[in-house]
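Hello,

Here is the structure I promised to pass on to you. Could you have a look at it alongside my notes?

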Amino acid sequence: MSSSWPQTIISNLEMADQFRAYDFENDIQFQQGMASILSQNPAPDVLMNAKLFYFNRIAGVSLTPADIHSQSASESSSVTEDTPQTLTFAQLKDLIESGRTDEIPNNKPISGELNTAPPSVSLASARRKPWEKGEGTESNV
Amino acid sequence: MLPGPNFPPSVLQTPGFAHYSLAWSPFHSNRIALASSANFGLVGNGRLHIASMGPAQNPGAPPMLQCDKFFESQDGLYDVAWSEVHENHIVTASGDGSIRLWDIMLNNFAISAWQEHTREVFSLDWSNIKKDTFASSSWDGTVKIWTPDRPRSVVTLQAHHSCAYQALFSPHQPDVLATCSTDGTVKIFDLRTPSYAPTSNTFTNPMSAAVLTVPASGGEILSLDWNKYRSFTFATGSVDKMVKVWDCRMVNMNETNKVGGICELQLPGHEYAVRKVQWNPHRPDVLATASYDMTCRVWNTSSAANGPRLMHIHDPHTEFVVGCGWSLYEEGVLASCAWDGRLNVFRV
């Protein structure tokens with residue numbers, strides 16, 4: 001398939017290391033900003049985006065989540081536990097071909113059980129699609 | 001509101017999960033669902049992401065795109081379709097052949113699941129006319145019609161002998177559905193008259209009768225879309241890098257097994273396979289396409305046009321662009337999603 005996988009930039013790798021090492025927990029400005037815009041337990045990627053937005057502003061860089069998840073310059077791996085890892089296509093191919101599928105990330109058992117909670121009640125009425133605007137009544141043609 | 005063209009897109013990244021498809025909510029103008037798969041869909045879990053567009057973070061910046069919630073599945077997710085009757089319901093297509101219905105107000109688990117397809121389910125489409133009905137297509141070659149309240153499919157069409165990449169209801173005729181396939185054809189089926197084609201061997205290899213078969217490409221056809229304003233006109237995207245527009249008004253719904261279709265326009269330009277095509281819901285002559293060449297493009301398909309066909313190239317993605325979709329209620333706003341794990345929303 002494609003030979004062009006995401007590129008990594010060296011300087012961004014170094015900045016990514018600084019990002020990982022940054023003490024967000026004890027940065028009062030960051031924590032206050034977080035409290036004002038996000039819910040109590042934001043999804044991991046929402047949290048990551050917020051950290052990046054803040055870090056990029058104070059450090060004057062433009063890191064993307066891809067920079068943070070790619071291999072670090074100093075091989076340090078202080079990425080938070082619940083942040084999904086990303087392998088390159090080639091790394092993945094190696095793991096599959098050598099049978100080391102237990103090392104493949106995001107490959108965990110997920111229960112197929114059905115939800116027992118009562119479904120939500122629909123409150124919204126159907127909206128007419130743009131191409132239905134000219135039509136007199138309810139449905140079609 | 002998004003700023004005008006030439007502004008950077010709003011971006012949402014889903015690390016570790018490559019996108020396969022996106023769908024705008026038919027109820028909430030700013031809500032988008034994303035079907036995604038870990039490890040490029042080769043092995044591992046799937047995720048359904050529910051994203052929304054918020055206000056701009058600061059003046060001049062694009063509006064914030066955020067992930068409100070996600071649901072996990074055992075296998076990769078390849079497509080997603082919002083219910084047309086319940087604003088919180090959504091169906092997903094999975095690599096293990098299963099289809100799941102989710103209520104996005106609940107957590108963790110789906111509210112219904114169906115396991116009939118024997119290979120990857122690659123597309124889903126919720127009928128905008130018969131709003132209690134949706135269709136699935138699979139690499140097993142079949143198309144199935146479902147209603148959420150029944151435990152089994154309502155109809156199974158043996159549509160192709162190879163992968164059926166997409167099945168889509170006509171936006172104008174409630175019982176008409178088009179499919180596209182590895183075999184290079186687009187087929188139009190009339191669901192009111194299900195029968196088997198007389199030319200097929202009904203014992204070992206039965207094939208449902210199509211009202212029209214369009215030999216649309218020498219290679220695989222990965223995507224199609226019905227034009228919303230011109231009846232029986234559709235676009236195709238194929239592995240041969242071509243985008244084509246087809247006029248099939250000659251179709252006679254009282255006959256079956258016709259072969260035909262007039263190719264009224266060819267749009268060369270993509271450098272690799274074209275993975276997704278979608279007509280602008282507000283315009284009869286504007287088409288968006290997504291390609292493995294890492295771009296999403298917008299084309300002017302007007303027969304009166306003298307100028308360039310290509311209106312816009314969106315190229316910030318760094319991997320295969322696999323999905324694109326027009327905002328249903330904000331004209332000119334387009335979303336694209338890719339194997340780089342980025343959802344981009346921008347104005348064309």
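Predicted model: local features only at pLDDT ≥ 70, side-chain atom pairs only at ≥ 80, totals over all residues.

Residues are numbered from 1 along each chain as its sequence is written, chains are lettered from A and ligands numbered from 1 in the order in which they are written, and side-chain values use heavy atoms, with hydrogens and water left out.

Among the helices and strands (DSSP runs numbered from the N terminus; helices are H or I with at least four residues, strands E with at least two), confidence in chain A is lowest in helix H1(A), residues 10-21, with a mean of 72, and highest in H5(A), at 86. Residues 1-10 of chain A have a pLDDT below 50, and this stretch has 15 contacts (heavy atoms within 4.5 Å) beyond near neighbours in sequence. Residues 137-141 of chain A are also below 50, with 7 such contacts.

The interface: 52 residues from chain A and 59 residues from chain B take part in the contact. Together the two chains bury about 4,700 Å² (accessible area, 1.4 Å probe, lost on being put together and summed over both), with 60% of it on carbon and sulfur atoms. Asn115(A), Arg127(A) and Trp131(A) supply 16% of the area that chain A buries against chain B, more than any other three residues.

There are 2 salt bridges between chain A and chain B, counting a side-chain nitrogen of Lys or Arg within 4 Å of a carboxyl oxygen of Asp or Glu. In one salt bridge, Lys108(A) meets Glu72(B) at 3.0 Å, N to O.

The rings: the count over all chains is 22 aromatic pairs. Rings of Phe, Tyr and Trp (its six-membered ring) pair if their centres lie within 6.5 Å, with planes under 30 degrees apart stacked, over 60 edge-to-face and the rest tilted. Phe71(B) and Trp102(B) make a tilted pair, 5.2 Å centre to centre with 40° between the planes. This pair links distant parts of the chain, with Phe71(B) in strand E5(B) (residues 63-73) and Trp102(B) in strand E8(B) (residues 98-103), 31 residues apart.

Best wishes

Methods: pLDDT = per-residue confidence, 0-100.
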